[in-house]
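The following exercises concern a single protein model. Please work through each task before reading its solution.

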Amino acid sequence: MIYGKWFTRRGATLLAPILSAAFLVGCSGEPEDNGGPSKSPKPSASPSATSDQRKVLEKRAEEALGIVEIDELGDLFVQSGLERVSDGIHHRPVLSSGKSYTLAVVCSGAGEVRLSVTMKRPERQTVACDSVPVRQRIMDVTAQIEIDVDGLAGSSGIVGWRIDELAK
């Protein structure tokens, strides 16, 4: 009887590390290919697909703002640019004092962005990412203005802006 208790304790003491090691080795090996469907996640988009999508959105924003037609306007065009919605726009254009301008902002993609134009006080509005430009007049510039565009939660795509001088 004493021999049986000693063997049970000693056997359990020796058997526990062996079973633990076998369990760890069995669970950490590479999965076998049994011919069934793979359970590994597939990449959602290749880099070229993302790049192609970005080019399409950039082209859509440029067309909505008329950036491709800049030469036709002559001296009225001042500045323009494109950014990813995730980067936003934070621009401080230097404009001629006493002149008036038109600011156009467009977002191509999904969601909405928040546009803020500050001269003396900020003017804010929400712009949908539907490739339809929003225009705002900037009358009688007296100081430097600030143009900020930030994407709202869940927004993605390209945001573009364009400043033109108003004809007298």
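**Exercise 1.** Is Ser155 buried or exposed? Describe its surroundings as well.

*Solution.* The model is a predicted one.
Step 1. Locate the residue: Ser155 lies in the loop that joins strand 6 (146-151) to strand 7 (156-165).
Step 2. Apply the cut-off: a residue counts as buried under 20% relative accessible area. The relative accessible area of Ser155 is 16%, therefore Ser155 is buried.
Step 3. Examine the side chain: that of Ser155 reaches the backbone oxygen of Leu152 at 3.0 Å.
Step 4. List the contacts: leaving aside residues up to four places away in sequence, Ser155 touches Val85, Ala110, Gly111 and Glu112.

**Exercise 2.** Determine which cysteines form a disulfide, and state its handedness.

*Solution.* 
Step 1. The sulfur atoms of Cys107 and Cys129 are 2.0 Å apart, and the two residues form a disulfide. The cut-off for such a pair is 2.5 Å, and the count by this rule is one disulfide.
Step 2. The torsion about the S-S bond of Cys107 and Cys129 is about 75°, so the disulfide is right-handed.
Step 3. Distant parts of the chain are linked by this pair: Cys107 belongs to strand 3 (residues 101-118) and Cys129 to strand 4 (residues 122-130), 22 residues apart.
Step 4. Cys107 and Cys129 are both buried.

Technical notes. Residues numbered from 1 in each chain as written. Predicted model: local features only at pLDDT ≥ 70, side-chain atom pairs only at ≥ 80, totals over all residues. Heavy atoms only, no water. Helix = DSSP H or I, 4+ residues; strand = E, 2+ residues; numbered from the N terminus. Buried < 20%, exposed > 50% of the residue type's maximum accessible area, 1.4 Å probe, protein only. Polar contact = N/O pair within 3.5 Å; in protein donor to acceptor, adjacent residues only side chain to side chain. Contact = heavy atoms within 4.5 Å.
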